[in-house]
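Thanks for making time this morning. I would like to walk you through one structure, taking a few places in turn, so please have the sequence and the view open as I talk.

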Amino acid sequence: MDNYDREKELKAFDESKAGVKGLVDTGPLTQLPKIFIRPTDEIANDLDTWQSTSSDCPEIPLVDLRTIFENDREGRDEIVRQIRKASETWGFFQVINHGIQSCVLEGMIDGVRAFHEQDVEAKKAIYSRDRSKKVRFESNVDLYKSRSANWRDTMTIARVTPEDHDFSEVPEICRDRMLDYIKCIRTLGETLLELLAEALGLKKNHLRELDCSRAQTILCHYYPACPEPDLTLGASRHTDSTFFTVLLQDQLGGLQVLHQERWIAVKPISGGLIVNIGDLLQIISNDKFKSVDHRVVASYVGPRISTACFFHGVVDPPKVYGPIKELILDGDHPLYKEFTVKDYIIKLFSRAIGESGLDQLRI
Ligand code: OGA
Ligand code: NI
């Protein structure tokens, strides 16, 4: 296992600019290339997975948002309570009746599929590791830093803000469907941010005024079917580094959340969206809300499609964040240093996925 030239193979894979789907398509592939195989110590130390067939298997909380659109005060209070509990314990919840039509969600998934399944030359044209690019295709953002590569390709649309009007860089094959989705997800993001602020006991606009949802980065993932799913992962264990994430997945499943030291599968719900707390929200909430580890397992069945919309603060002009004063009660101390999103991101990008953003700021 150790006497192969890993660097060389990583480079060859990267230079193919065709991603994991490119490998699968040139197949037939019966064995995984070594760069994707998880180290044996990592597999041996893996935590248990809760069998989803077992009747006592817990599930991430489900929050029905219907009543907030009906101006029902009591209904809203109940939703805020559910979101508080979920954010303090699981760091994850699933929302239904969120106001986004299923045709928009399905359109987004179909658009992502169409992008990844188009002629490979079109994808190669935008293959890049240059993070300053607004739109790019790549496989494994941390390819050269991680211990093993993930069975996944990704198209990214970075740093979308309300002032953006030129989306000509977004590939035409999925542009309209993506823009529809982004518009809707941004509105939902604002609603969620108000609910999260209330769940922290702050006034409704508090987090919005901190610009926590002003910019979004959207990752459009494609997880091809895998010939040896037990030897690799679709996405390695990690926490999300931004304020919060809204995730759309198809009906195949594969996402797992760490809960009480066990991996728990997130069951896809038709029309549902998954919301999770990121490192920045854990930091500014002074650990009241939890940014929880999650991963995606590989599968013989595929492709699986998902999109993660990360809500992050603005980089320019630099704004100083830190634990919110109102949340540091008598006798408590701030648990994190103050920071700007720009410095935070620079430090984060020099690491492999899975190395938490919390450590760099913890006092
Ligand atoms: C992510 C992520 C999960 C998924 O992009 O950070 O956790 O289901 N994605 O694709
Ligand atoms: Ni994630």
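Let me begin with Arg38, which in this predicted model has a relative accessibility of 8% and therefore counts as buried, since the cut-off for that word is under 20%. If you want to find Arg38 in the view, look in the loop that runs between α2, residues 19-26, and α3, residues 40-44. What does the side chain of Arg38 make a polar contact with? The partner is the side chain of Asp46, at a distance of 3.1 Å.

Now let us turn to helix α1, which covers residues 6-16 and has Leu10, Phe13 and Asp14 as its buried residues. These three lie on the same side of α1, because the arc they cover around the axis is only 100°. As a general point, an α-helix has 3.6 residues a turn, so residues three or four places apart point the same way. On the face of α1 that is turned away from the buried side, we find the exposed residues Lys8 and Glu15.

Which elements supply at least two residues each to the shell around ligand 1? They are β5, residues 215-223, β11, residues 294-297, and β12, residues 304-312, and the largest share, four residues, comes from β12. The residues around the ligand include His221, His238, Leu247, His294, Val296 and Phe310, and, taken by class, the shell has six nonpolar, four polar and two charged residues.

Looking at individual side chains, an oxygen atom of ligand 1 is 2.6 Å from an N or O atom of Tyr223, while for Arg304 the corresponding distance from a ligand oxygen is 2.8 Å, and for Asp240 it is 3.1 Å. Taken alone, ligand 1 exposes 290 Å², and the protein buries 94% of that area.

Conventions:
Residues numbered from 1 in each chain as written. Chains lettered and ligands numbered in written order. Predicted model: local features only at pLDDT ≥ 70, side-chain atom pairs only at ≥ 80, totals over all residues. Heavy atoms only, no water. Near = heavy atom within 4 Å. Polar contact = N/O pair within 3.5 Å; in protein donor to acceptor, adjacent residues only side chain to side chain. Areas by Shrake-Rupley, 256 points an atom, 1.4 Å probe, with all protein chains shown as cover. Nonpolar A, V, L, I, M, F, W, Y, C, P; charged D, E, K, R; others polar. Buried < 20%, exposed > 50% of the residue type's maximum accessible area, 1.4 Å probe, protein only. Arc of directions from axis to C-beta.
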